[in-house]
Each structure stands twice: as C-alpha cells, then as structure tokens.
Protein chains: 2
Amino acid sequence: MRLSQLGEFGLIEAIARTTPKGSGVRIGIGDDAAWVSHPRQSSLITSDLLIEGIHFDLRWTTMFDLGYKTLAVNLSDIAAMGGISAYLMLSLGIPSHFDSKKIAEFYRGIHSLAARSGVTLIGGDTNIAPLFLACACVIGHPSKHPLTRSGAKTGDDIYVTGTLGDAALALQILQSKSKRAHGKTIGQLMQRHHRPTARLTAGSILAEKRVASAMIDISDGLIQDLGHICKASGVGAEISADDIPLSSAYRAVAGKDDLRYALSGGEDYELLFCAPHSHRDDIEKLQRRAKVSITRIGRCVASRAGISVIAASGKPIALDAPGHDHFKKSANNARRRRSA
Amino acid sequence: MRLSQLGEFGLIEAIARTTPKGSGVRIGIGDDAAWVSHPRQSSLITSDLLIEGIHFDLRWTTMFDLGYKTLAVNLSDIAAMGGISAYLMLSLGIPSHFDSKKIAEFYRGIHSLAARSGVTLIGGDTNIAPLFLACACVIGHPSKHPLTRSGAKTGDDIYVTGTLGDAALALQILQSKSKRAHGKTIGQLMQRHHRPTARLTAGSILAEKRVASAMIDISDGLIQDLGHICKASGVGAEISADDIPLSSAYRAVAGKDDLRYALSGGEDYELLFCAPHSHRDDIEKLQRRAKVSITRIGRCVASRAGISVIAASGKPIALDAPGHDHFKKSANNARRRRSA
C-alpha cells in the first residue's frame, strides 16, 4: 500500500503491531514519549544518522539490510563502551512514493537484529522526506566501569577483534561494479558490508573484567579511530602491518599487501582496544567466550611519536588518507560517500 | 569557516567546547556513547526529526530559531508525559556548502533554550547531507506517575494551556507573504511559530499532583491530537467552539470566527488534557504556579459520539481536515508542509 493511503498513523500502528514488547519497557510506541527502566540508575546513549546517497545506495542495499545495519552501527557504539544495548528510538524520513512494504522490510531488518541483541524498539518519529533517512538512538545499560577512549597508557598493547577492511573492500567492488570478477569470495565481503556484526559480547566482557584500558569501535577506519584513542589518552601508537588481521576473502581479492581498506576503509565495526601487557593471558582466553578472534596489532608509545604503521621490512608505511571525515574532501572520502 | 575546511572532528570539538557540563552527565560529547544518570531508575525518551523543505523553510527561519524549535518540540513531548527533560542527543545532516557560523548559530538556539530548561547536550552524529536536517532525542526524568493518553473517562473535563492556532496562522502569513498587511500584531504570532513554548511546569505539576487523567501536546492540531486521547482512552469529546482560547493577535488577524488554525493548524505545543470534574479548583489554582492560562474547552463523552465541536448556536461545526498527517495528501497538509 502507498504510504499516502496508509497515512502516518496507519504506519505507526503497523510498526507498533509488529514490535515485540521488551523487558524494561513500561510504555513503548504510541504515546508522547517512551518510558523505560534502567537497573543501574544510569544509561549509555548513542545516535547515528544514515542518509540516502551519503551513507547508503538503494541500488545495491536492500531495505532489510539497511534496517539491520542502522541498528548494528548503534549497537557497536554501545559495545565500544562495554555496555548492553536495550532500547531503540528510530526516526525515519520516507519519500512519499515509497510503498509500505519497503518500510515493513526495513523494520524486519531492524527486528531481526533487535531480537538477537535483546533490544526493543520503543518509539520514534515518521515523516515524509525527499530521500530515505534513518536516525537511530540506542539506549543501553552500562557496565560498572564503562570503557572510554581515554584510559590507554604508554606501553599498553593494542588489539582489534575480527578482521579489518572487508566492508570497505566490498563497497569498492559495489562501486566499481566488478562483482563478477571474483566469484564466491565476494559473498563474505558483502555480508560484512551489509550486515556488520557489532561485537556485543566482547565489548561487555572487556569492560566487566576490566582488562582493557581504552576502547572504540572502528567505524571511520583503523588509523582514524586509533587517532581518537591516542588523542583522548595522550599516547602515540605503533602498529605492525603484518599483524593486521585480514580475512581470507580480503587476501584473495585485494591481496595481503594492499592494506588501504584495512587501515582506512572504515565501517568495520570491530572493537579496537588497549590493554596492559599483564592482561595478555586474559585476553587470549576471552576470545573463546566472546566467540571472536582478537589480534594484538601493536602498542602504545609516547604521544610525540604519533601513529605509525611499520612494515615487515621495518619501514613505516605512508599514511596520507587516515580515514573518513564527513566534511573534508579527500580521495578516501569520495570513495566512502556511498557506503551502505 | 567552511565545513569542508573545519572537518567533522573540528566541528565536534567546537560543539563540545560550547556545551556546558550538565548535572547527571557522567560522560558527554566525545566518546562512543554518552553516560548519564537517572535518579528514578527509569527515563522518558522522545525523538523528533525536522527536515528542510518539509518542516521548515530557511527563507524565513533563522538557524537560531531552528535550533530553539528543534529542542522545544521535544521538550513539549516530555512535558506531555509530565516529565522533566534532562538530556539531548542531536544528530545533524548539513549541506557541505554551509558555513560553520550557521551551525554555531543553530547551536546557540539550542543552548539558549537548553540552559533555561535544565537540559544538557550529551552527543549526537554529524554528517553531510543534501539538505539540512536535525534529529533530536530528548531523555527526561519521569514523574512518579507519567501521564499517558489513555486515562480519560467519560464525563471528564477537557482543557488546553495557552492559546491555539497562533503558530499555524503565522505560517499561513509567511507562506502567503502578506506579512506587512497586519503590522505589529504579526510579531506575536511569529514568536509563537518560531519559538514555541513547551509547557514544562504545567506538565510536570499536572502529573505530580495527579489532577489530569490523560494528556498530550498539540503538535498536529487540536482535533487530531484530541483524537489520539479519545482513541487511547476509549472516549469521545464535545468541544465548545466559543471556549477555544484565541490570542488577541489571532482575533485581530483571522477573526474570532475563523477557527481553522486553532482546530487543525498544529504546532501549538500547548498541553491538551482531561481531568475529572472534582479537580476544577485544583486546576484553577495551578495556572498561577505554572504561569500559563488553562482553559476548559469541553468534556469527554461516550466513544460512539466521536469528536464534535459545537458552535454557540448549538450546531456542530464541520471538521473535514482534522489536522496534520505526514503522509496523507490534503489541503491542510499541503499548507503545513513547510512549517518552521
């Protein structure tokens, strides 16, 4: 049905009907505000805005995947503080020519991830707009000691979860339309691009066990996001190029020596964290519980040394495009403008 | 400075620098998520999305007023539940050609209202976009007994705060460019359109004293929003046309008999609530404490009677365009498409 027939309130009713009642929700969709519980008397709150033509391209992104990703990128922020995501406020701008089926598909993507992450949709705002856009706000429960970007110390090890660069490489393939050239391998990269996995369990254990000293999720590229930790913590960082974890698909398509996507591609939604040397064993063990690989990729050095990536030869790799900045114009940004 | 020079992180730093540290904020702008306190172990959460060309027109709306209004419309939702607003998450889409001064002006509007409402900006997301858009999420502290739309009973009185129709009438004037025709009076209407007053104190007292049975804020027009209370409460409503409070400016410009703007114009951000007959004295007294006039405009009737507005003659007034629906096409909607 066209949205102009269904109407705003018809749409809201349809959304409310398909939204499961979640724990902690005292009043959900359908009043002026939602009313929710916070066991710890405090909450973590994050927000991400995704805009058609800037963050995603509906030529190659399904509405289901877009819903999934809209939630995933927010979950990743809560995970990066070591919290547990609980509630989702979702505001949409919808072109008037959209069919309500498209919107239902978007919400199916949302609910698919929400259900497995223990998150409940509690409200939002629906509007017509000249393009599709989604603004999500996720509210989570903090661990006893939320992990910020500012606790890293000189000498700390630097780790990442999972593998880097897959999503950015997938985007490059989508944009260059060279999809068929690589056959099967592509599927793994596309999955990483369309349905990123927020590292919920790893984030929460790292905060709960107090093994990490600082943490961030990699959304704008390893080097850029590492820069945020370095700046907030007052340290520098030395990364070993050979230790950066790459997927087999990445190696097959880009080759293990092309680190551009892994260093500055962005949209990995992996956790990047620092931890004292003495926690190496704990982190080793943590991988099994969190069901994700964790790789030590470098160490924190004095602030004045800045950030460097050292090749196996011992020489530093030039870093001219550190990662994504939404306003600055660069080759790297131009590539990333359409990203979902 | 152009945003393309300042960059995303330069902008975020500038926003953080000009944001006062608020009470209850453990971690504000600058990490993956904000961390805030909730004295009652629960919170009220609302979100509103404002899009250029749909909700506002920058030909007649200043960035300061737009910032002010972006916050005001969210505060109004929290007030309508009887809560106290505390935190603001704000995500923006910004055209790349915007100068950073424009954005600073928008934040000045935000902070101007935030300061006097006890609200702190705690984070958000900044992106480039083909048009300007602002998505706000306000988190508030609930009263002991949040006021929903669903508690009205047959026989309850119906009240509104302030006066109705001013903002919609102002918009009509802006759109028809007949501004000069009415001289001084216009200023009062424009003020109501550009800087709506969320009824924070009235909302909070009404919930705290438990005098109201149901409440909503009027954003889409009296009849439409009354419809939400009626539907949620299972009642009908009879409104006395003569009792609808109109400002002197409204009377001077539209005339007291033209109730279109007051009935279905929208963007009043006044509170509409129901209360048992026995609370009339309490509500009378409450006006002074809340510093806003409160007018009894009708009563709740049986659900099957629906909503009617009765003229002084005793005859019902025809209601063909009840109020704003973001997706349905109607004369009323067409008029309201550009609204700030």
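Just after helix α6 of chain B, B:Arg210 takes a positive phi of about 55°. This value belongs to a predicted model. Most residues other than glycine have a negative phi. Helix α6 of chain B covers residues 200–208, and seven of its nine residues are buried, so the helix is largely enclosed by the rest of the structure. The buried positions in α6(B) are B:Leu200, B:Ala202, B:Gly203, B:Ser204, B:Ile205, B:Leu206 and B:Ala207.

Positive phi values also occur in loops. B:Gln41 has a positive phi of about 60° and is not a glycine. Its place is the loop between β2 (34–37) and β3 of chain B. B:Gln41 has 12 other C-beta atoms within 10 Å and is therefore exposed; the exposed class takes residues with 12 or fewer. In chain A, the phi of A:Lys291 is near 50°, again positive in a residue other than glycine. A:Lys291 sits in the loop between α10 (280–290) and β11 (294–301) of chain A. A:Lys291 has 9 C-beta neighbours inside 10 Å, so this residue too counts as exposed.

The relation between the two chains was examined next. Two copies of a chain are related by a rotation about an axis and a shift along it. Here, a rotation of 180° with 0.0 Å of shift along its axis superposes chain A on chain B, at an RMSD of 0.0 Å. The two copies are thus related as by a two-fold rotation axis. In chain A, the C-alpha nearest this axis belongs to A:Gln41, which lies 2.1 Å from it. Both copies use the same surface: 100% of the contact residues of chain A recur in chain B.

Chain A contributes 62 residues to the contact, and chain B contributes 62 residues. On the side of chain A that touches chain B, the largest share comes from strand β3 (residues 42–51) of chain A, with nine residues. By class, this side of chain A holds 30 nonpolar, 20 polar and 12 charged residues. Strand pairing also crosses between the chains. Strand β2 (residues 34–37) of chain A is joined by four bridges to strand β3 (residues 42–51) of chain B, and the two strands run antiparallel. Within this pairing, A:Val36 has B:Ser43 in β3(B) as its bridge partner.

Within chain B, strand β11 (residues 294–301) pairs with strand β7 (residues 157–161) through five bridges, and these strands run antiparallel. B:Thr161 stands opposite B:Ile294 in β11(B). Strand β9 (residues 236–240) of chain B also pairs with β11(B), in the antiparallel sense and over four bridges. There, B:Gly298 in β11(B) is the bridge partner of B:Ile239.

Chain A has 11 helices and 12 strands. Its C-alpha trace spans about 65 × 50 × 35 Å along the principal axes. For 340 residues, a compact globule would have a radius of gyration near 20 Å; the 20 Å of chain A agrees. Buried residues account for 58% of the 340 residues in chain A. Among contacts in chain A between residues at least 6 apart in sequence, 86% join residues at least 24 apart.

A:Asp225 lies in helix α7 (residues 222–233) of chain A. With 27 C-beta neighbours inside 10 Å, A:Asp225 counts as buried; the class requires 20 or more. The C-alpha atoms of A:Asp225 and A:Lys315 are separated by 22 Å, and the two residues are 90 apart along the chain.

The largest nonpolar core has 231 residues, of which A:Leu88 and B:Leu88 touch the most other members. Leaving aside residues up to four places away in sequence, B:Leu88 touches B:Leu71, B:Ala114, B:Val119, B:Thr120, B:Leu121, B:Ile122, B:Ala136 and B:Val138.

Definitions and conventions: Residues are numbered from 1 along each chain as its sequence is written. Chains are lettered from A and ligands numbered from 1 in the order in which they are written. This is a predicted model: local features need pLDDT of at least 70, side-chain atom pairs count only at pLDDT 80 or more; totals for chains, interfaces and linings use all residues. Copies are superposed by least squares on the C-alpha atoms of residues with pLDDT of at least 70 in both. Two residues are in contact if their C-beta atoms, placed from the backbone, lie within 7 Å. A nonpolar core is a set of buried Ala, Val, Leu, Ile, Met, Phe, Trp, Tyr and Cys residues joined through C-beta atoms within 7 Å. The radius of gyration is taken over C-alpha atoms; the globule rule is 2.2 Å times the number of residues to the power 0.38. Ala, Val, Leu, Ile, Met, Phe, Trp, Tyr, Cys and Pro count as nonpolar, Asp, Glu, Lys and Arg as charged, and the others, Gly among them, as polar. Two strands pair if DSSP finds at least two bridges between them.
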